Protein chains: 2
Amino acid sequence: MLHPVVLSGGSGTRLWPLSRQNQPKQFLALVGDRSLYQETVLRANALPGVQPPITVCSDDHRFMVGEQLQAVGVASGGILLEPMARNTAPAIALAALQALRLDPEATLLVMPADHLIEDEGAFRAAVGAAMALGEEGWLVTFGIRPEYPETGYGYILRGDALGEAGFRIERFVEKPDLATAETYVADGRYAWNSGMFLFRAQRYLEELQLHAPGIVEAARKAYEVASADLDFTRVDADAFSASPSESIDYAVMEKTDRAAVVPVTCGWSDIGSWSSLWSVAERDADGNHHEGDVISIDSRGSLVRASERRMVATIGVEDLVIIDTADATLVARKDRVQDVKAVVDALKAAGRTEHLFHRKVYRPWGSYDSIGVGERFQVKRIVVKPGAALSLQKHQKRAEHWVVVAGVAEVTCGDRVFDLQENESTYIPLGSVHRLRNRGTEPVELIEVQSGSYLGEDDIVRLEDVYGRS
Amino acid sequence: MLHPVVLSGGSGTRLWPLSRQNQPKQFLALVGDRSLYQETVLRANALPGVQPPITVCSDDHRFMVGEQLQAVGVASGGILLEPMARNTAPAIALAALQALRLDPEATLLVMPADHLIEDEGAFRAAVGAAMALGEEGWLVTFGIRPEYPETGYGYILRGDALGEAGFRIERFVEKPDLATAETYVADGRYAWNSGMFLFRAQRYLEELQLHAPGIVEAARKAYEVASADLDFTRVDADAFSASPSESIDYAVMEKTDRAAVVPVTCGWSDIGSWSSLWSVAERDADGNHHEGDVISIDSRGSLVRASERRMVATIGVEDLVIIDTADATLVARKDRVQDVKAVVDALKAAGRTEHLFHRKVYRPWGSYDSIGVGERFQVKRIVVKPGAALSLQKHQKRAEHWVVVAGVAEVTCGDRVFDLQENESTYIPLGSVHRLRNRGTEPVELIEVQSGSYLGEDDIVRLEDVYGRS
């Protein structure tokens with residue numbers, strides 16, 4: 001049976017300031033209302049006879065994965081938490097072990113969580129062709145027929161035909177220069193290496209055993225002593241950290257003699273930059289793509305995103321990318337967006353946090369947004385999801401005022417437990433043990449005013465937590 | 001004696017989104033820490049033997065004028081409130097009447113509040129020369145020696161010399177086209193019409209009587225029945241509205257035969273646009289001027305202003321103006337900034353408010369900033385100045401929670417009056433009469449959470465107000 005594996009471990013910042021380390025590209029709604037991760041699991045879920053998708057992600061993103069999966073109503077085939085990044089070969093090994101536990105005949109369809117595919121019909125047809133090859137023991141990669149001489153991707157040169165839709169892989173080639181890329185496109189036998197694969201789980205582990213036994217060994221050990229944590233499977237950190245950090249291409253695909261490619265044209269994009277998002281986005285007659293509250297005067301060829309409660313106006317600009325968020329705005333020439341990296345490096349070097357998280361931070365119980373700060377105070381807008389609860393906690397250096405503005409909050413403060421209705425408030429003295437819970441069916445929204453000498457997130461003692469964080 | 005007259009009635013939006021109708025250009029700190037209005041009164045105040053400046057401004061801006069004057073420690077020669085805009089000739093007539101009441105020999109130095117002068121020594125020398133001519137009964141205008149063929153200004157052609165530094169005015173010429181402007185610059189006898197003037201108050205009224213008697217009549221009537229309001233003189237609206245709306249150039253200077261010009265080179269700019277601010281601002285080696293938190297990668301020739309708690313990053317951009325504020329961001333090509341008008345027109349047409357006021361609003365008692373809004377609530381950060389008090393008021397449609405985060409607030413709520421310390425809170429039920437006062441010497445800062453079905457600023461019944469607003 002076919003088990004989709006969604007690789008969701010990336011924490012890239014090429015789409016900064018919208019993507020941040022704690023909310024990378026795959027979890028953003030870049031095209032339409034759903035995140036790329038959600039689009040990927042839905043795409044997988046629509047395949048005929050498919051099993052629930054297995055997600056491999058960073059421990060840091062586990063609640064986001066759980067929530068986004070739930071929001072689109074897709075059952076989970078397991079969420080495997082990587083304690084640290086070890087590239088794709090070990091991640092897929094974990095997924096193979098997970099699938100084999102249920103299904104010794106499992107076939108894996110490996111999909112990065114952050115790609116866009118516009119023509120799902122063409123994709124489904126390619127998966128069908130790949131499954132036939134997978135049954136025969138081939139390790140299949142999906143090759144995207146190149147539409148232009150891209151120099152940012154690796155290419156796959158196909159060899160002899162294997163049936164109607166597949167080919168042996170003759171050779172993997174590194175990112176070429178422009179002249180070489182042009183010959184590849186003209187040649188017709190080259191395809192972009194998409195990072196999507198299909199093979200039987202058992203075959204993958206066999207080939208991995210042959211070419212990179214250290215990876216199999218580490219993955220087996222890490223998976224054997226994995227601990228269940230709510231819906232998550234947290235593999236053993238010590239064992240996993242011993243794995244070499246290698247891509248599936250390097251560890252297996254370039255070495256096995258059973259590598260095949262299924263070429264496909266399916267409107268694929270890895271949305272690797274703001275300019276690549278612009279090129280797949282819907283644009284008006286002037287070539288502009290706008291999101292949010294934008295007034296554009298005589299501007300062309302630009303991607304403009306305004307954020308909540310803020311407007312962006314442009315006058316006479318051309319080929320720009322303008323990305324506005326609550327705490328940072330990027331204005332870049334569209335052909336220079338790869339240098340977002342330089343901005344992120346500058347933020348890192350300065351010890352700042354704008355590359356790590358947004359002003360609004362998601363938590364398993366909901367979210368908070370720091371809407372105002374002063375010398376000895378901070379104001380947060382807090383949303384608690386129905387049925388959710390913050391940890392039972394206390395702070396050493398701050399007191400808190402809570403004003404409920406929507407819903408009904410159950411408040412624990414010291415020995416007392418009581419309900420707070422809309423337009424009611426309470427006070428949590430410094431050092432008091434407290435908890436906030438939403439027993440209702442609508443979100444609880446409240447304004448928290450913190451007052452104290454130190455207001456960092458790390459001033460928290462968790463005494464009890466339903467999400468296993470204490 | 002010399003009485004400076006600072007014309008502060010402008011409400012332009014050419015520097016939108018920083019300038020707004022309720023806080024126009026003259027009240028903004030565009031160059032350095034002081035506003036252009038403050039720079040103007042300080043410049044006037046530094047002249048030898050000068051009297052306190054008379055300010056003419058819109059009723060809407062009276063508290064801002066009073067506060068900015070106080071902040072730089074300059075005594076006021078009177079703040080005249082125009083009930084409506086009637087252009088410069090009537091405004092100067094009011095100032096002349098004000099000066100003459102104290103000093104029948106008053107000489108006026110008329111200065112727009114929103115100009116920049118870098119070489120104050122040269123300016124002072126020109127004022128000295130103009131005073132000599134003013135004593136002889138001339139109406140003197142200051143002509144800026146043109147540095148380039150500007151097509152946005154009117155020009156003055158000088159005639160015969162009057163002493164060492166002045167000339168008769170031969171002719172006023174309208175804004176020229178570029179070719180004509182070039183001949184003016186080459187000619188050497190032309191100067192830019194700066195909008196600054198010097199003359200005896202009595203002479204101005206005489207000439208006005210001769211050439212525009214309707215203006216004198218309306219100004220006299222409006223001034224005679226003016227009412228004192230705190231430090232302000234509010235002239236009579238009915239009388240003033242009867243005045244023709246004419247500039248001093250049109251009403252007097254172009255018609256009198258006693259018009260003189262004193263040419264001057266003093267680093268003058270009217271900062272009429274973002275590009276003109278860029279051209280007078282200090283710039284780095286790449287020609288960029290940055291204000292606030294800006295990271296610039298390989299960008300050139302640009303003006304970038306970040307706002308509080310927000311950063312702006314640029315990559316590879318050239319000759320842009322990027323102005324970021326709490327609720328709106330402008331990105332414009334530097335040579336297209338005159339089209340800011342089109343954005344403001346679009347905002348007006350859509351019935352929006354981003355051209356009228358900032359998110360943070362100044363009041364005579366301090367300020368408020370709407371830091372969060374939801375369906376049935378709003379969060380404001382409120383600062384009350386030492387000694388200040390909000391009006392005694394009530395709301396029909398909202399309750400309020402107050403949390404003091406700095407200072408000590410005196411709260412009136414119904415029959416009770418009590419102090420609220422830092423980290424204390426109170427609740428103002430819907431319909432309750434209440435007041436907030438700061439009796440201390442430090443600002444009081446508080447977070448207000450409003451809760452209700454309607455949260456507009458107009459849901460207020462003022463029962464008592466120390467600023468005359470009830």
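Predicted model: local features only at pLDDT ≥ 70, side-chain atom pairs only at ≥ 80, totals over all residues.
Residues are numbered from 1 along each chain as its sequence is written, chains are lettered from A and ligands numbered from 1 in the order in which they are written, and side-chain values use heavy atoms, leaving out hydrogens and water.

**View 1. Where chain B meets chain A.** On chain B, 58 residues are in contact with 58 residues of chain A (contact means heavy atoms within 4.5 Å). There are also 34 residue pairs in polar contact between the chains, both residues at pLDDT 80 or more. A polar contact is a pair of N or O atoms within 3.5 Å; within protein, one must be able to donate a hydrogen and the other to accept it, and residues adjacent in sequence count only if both atoms are side-chain atoms. What kinds of residues make up the side of chain B that touches chain A? They divide into 30 nonpolar, 11 polar and 17 charged. Here Ala, Val, Leu, Ile, Met, Phe, Trp, Tyr, Cys and Pro count as nonpolar, Asp, Glu, Lys and Arg as charged, and the others, Gly among them, as polar.

**View 2. A salt bridge between the chains.** Asp324(A) pairs up with Arg310(B), and their closest N and O atoms are 2.8 Å apart. The rule for a salt bridge asks for a side-chain nitrogen of Lys or Arg within 4 Å of a carboxyl oxygen of Asp or Glu. By that rule, eight salt bridges cross the interface of chain B and chain A.

**View 3. Strands side by side.** Strand S17 (residues 311-315) of chain A and S19(B) pair in the parallel sense over five bridges. Strands pair if DSSP finds at least two bridges between them. Look for Val312(A), which stands opposite Thr329(B) in S19(B). Helices (H or I, at least four residues) and strands (E, at least two) are DSSP runs, numbered from the N terminus.

View 4. Chain B can be laid on chain A with an RMSD of 0.1 Å by a turn of 179 degrees and a shift of 0.0 Å along the axis. In chain B, the C-alpha nearest the axis belongs to Ile371(B), 3.0 Å from it. The copies were superposed by least squares on the C-alpha atoms of residues with pLDDT of at least 70 in both.

**View 5. A cis peptide bond in chain A.** Trp16(A) and Pro17(A) are joined by a cis peptide bond, with omega about 10 degrees. Where does Pro17(A) sit? It's in the loop between strand S1 (2-8) and helix H1 (36-45) of chain A.
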